[in-house]
Amino acid sequence: MLFRASAKTVAVMALDGSLFLHLTDQFIHMHGYRPGASEARSWERSIPVLAAALNDAGLGDVEVMLEYALPLNSKRADAVLAGLHPVTGEPSYVVVELKQWSQAVPHEDDPTLCHVDAYAHPVLNPIEQVRRYCEYLVNFNGAVAEHGERIQGVAFLHNAAEFGVAGLREIERDRRGLLFTEERRGAFLDHLRSKLSDKHSGARAADELLAGATVPSKQLMSVAAQEVRERQQFVLLDEQQVAYRMVLNAVERAKRADHKEVVIVTGGPGTGKSVIALQLLGELYRRGVAAVHATGSQSFTKTMRKVAGSRKREVQDLFKYFNSFMTAEKNSLGAVICDEAHRIRETSANRYTRAALRTGRAQIDELIDVAHVPVFFLDEHQVVRPGEMGTADEIREAAGRRGIDCHVVPLDSQFRCGGSDAFVRWVVRLLGLEPGGPVVWEPDDRMQLLVADSPEELEAFLDARRVEKYGARMSAGYCWRWSPEPKPGDPLPPDVVIGSWARPWNLRGDRSVSGAPPSALWATDPAGFGQIGCVYTAQGFEYDWSGVIIGPDLVWRGDRWITDRTASKDPVFKKSTSDTDVDRLIRNTYKVLLTRGMVGTIVYSTDPETREKLRELVSGRPEPRPAATEEPLLRR
């Protein structure tokens, strides 16, 4: 939240200009960069209109929370109004989405989307947008989790006349999604008076909402079975819902017109790509559309099969690998949902492929050919192996060669790392994956970042978090040799050795050994804590606390990072892998490892100079603390 005050105070500060200076300063402090011109313009033009409406309605004592951050993701509601209900006297909240649009028309195929002249692509209907914000708050804020009736939602298009946006109301169905225009300002004021008392301050209700415990996040793995078989378990917001609807619409068009379309959904870690992929699979499955989920990750696919298909074999069969379609008939599927498509390889053939199938055909071509609507979810910064080539440009080119329409939907909002887009941006700057160089971490209220002085300190801190019922994992760069799998009953070889501290890598095989889970379940089985994970078992997963060991393959010298390929024991790096590619892949590896945590991350480097640099950038270090007395943020 950027600012909170009574409607009277907001109106006064908007009038003298101090409100916008305060919002800008707070934004810079929280996010590390200045707000964009369009965002600042919306503050200057929309907030005074809302404040005036509240005061004209006699609701000057209602509490106004501007740029209210939704829990565990980086989305912000324009405003949340807090007060008491005029009839019941209970806390009452109105989520407000403010739009400067003068005109908008519903999408021709889907009224939950709309067209606005200022945007090249369809956007979410603001009624649907604010309805989903309300649902998300009920799902994730303990103050209203059992009192859903306390949350209302309105979209206020204060520059629009009725004729310009009337078509949007086709989806206006409940109290969480109502639309008002300047022309219906009187009705808007009446609605606010019906939900918020003009006789009481809203400060205590605002306190209650802000103090509401975060309801445990619905972790992707633990709900996959219900997600696929029965109903949607996640509320998709804004561009997530746009991506979801665009894919469903493409499938419907392809069925009607018997033609193909390609959809690419791009986004960084934690933007919800896998959540959307699972929702799509579940919805298409329920609609009777022949669809499968495919990935290049053995861990992810096996976990999906185990969790989502625990009772139905046909559900297990929905989860495939990218190289599963070498002999598949063209257009035999309605849709193929390619999760983690950045792991697409040049061809599907490997050393076990029989000679008859070694045609040299591109894996991208196989995936495009197999379905009427191939969907690719990807993050180009997560390419960690030589030969991985799933990029938006490659897919667009492959579609273009066939004359197939290709749509790209970018995802920007951050759901991993506690919803801290500032943390993800800090990691990207730290590793030099974006220009500007490393910056000092400024703690926010979403993600904790600590530096350990030893692996013992790192492990002890994480073990203490596990006592508090948080999930935790340790992972490391691939800088230690990996012994052969032990025999059942034998101890795991302690390959990761740092001084007197030694721990085993996660298992490589498909079976449990000596209490350790198989490779594919390291990230999701609580017994995985005793082993050190690598990028190949961590990628695609998340856990509450992440401990990351930066090995000697990435060290800070002077004013820059140096990658040492000789320190890497990763067998995928061959002599033919260029130094440039090795450098990029090692940095991407640590980006993946550093962005697995949902609550916090603790980092240790084996190199003293690198530890000193991390200490300069991060002030936090682990300290003993009592066990949690409240429900933890993410309870397993």
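How many helices and how many strands does the secondary structure of the protein chain come to? The count is 20 helices and 24 strands. The model is a predicted one, and every value below was computed from it.

**The chain as a whole**

The protein chain has 636 residues, and 58% of them count as buried. Its accessible surface comes to about 25,500 Å², and carbon and sulfur atoms contribute 49% of that area. Among contacts in the chain with a separation of 6 or more, 74% join residues 24 or more positions apart.

**A six-stranded open sheet**

Six strands form an open sheet with parallel pairing, in the order S12-S11-S13-S14-S10-S15. Strand S12 (319-321) and strand S15 (405-410) lie at the edges, each pairing on one side only. From one strand to the next, the twist averages 20°.

Within this order, S13 and S14 stand side by side. Strand S13 covers residues 333-338 and strand S14 covers residues 371-378; the two pair in the parallel sense over five bridges. In one of these pairings, Leu333 has Ala371 in S14 as its bridge partner.

Helix H14 (residues 363-370) packs on the sheet. The helix touches strand S10 (261-266) as well as S13 and S14, and its direction makes about 130° with that of S14.

**Asp369 in helix H14**

Asp369 has its place in helix H14. With a relative accessibility of 8%, Asp369 falls under the 20% cut-off and therefore counts as buried. Leaving aside residues up to four places away in sequence, Asp369 touches Lys260, Lys330, Asn331, Arg361 and Arg402.

| Residue | Relative accessible area | Class |
|---|---|---|
| Asp369 | 8% | buried |

Cys338 also belongs to the sheet described above, as strand S13 covers residues 333-338.

Note on methods:
Residues are numbered from 1 along each chain as its sequence is written. This is a predicted model: local features need pLDDT of at least 70, side-chain atom pairs count only at pLDDT 80 or more; totals for chains, interfaces and linings use all residues. Side-chain values use heavy atoms; hydrogens and water are left out. Two strands pair if DSSP finds at least two bridges between them. Helices (H or I, at least four residues) and strands (E, at least two) are DSSP runs, numbered from the N terminus. Axes are lines fitted to C-alpha atoms, for helices over the stretch in contact, and angles run from 0 to 180 degrees between N-to-C directions. Contact means heavy atoms within 4.5 Å. Buried means under 20% relative accessible area, exposed over 50%, partly exposed in between (1.4 Å probe, protein chains only). Accessible areas come from the Shrake-Rupley method with a 1.4 Å probe; for residues, only the protein chains shown count as cover.
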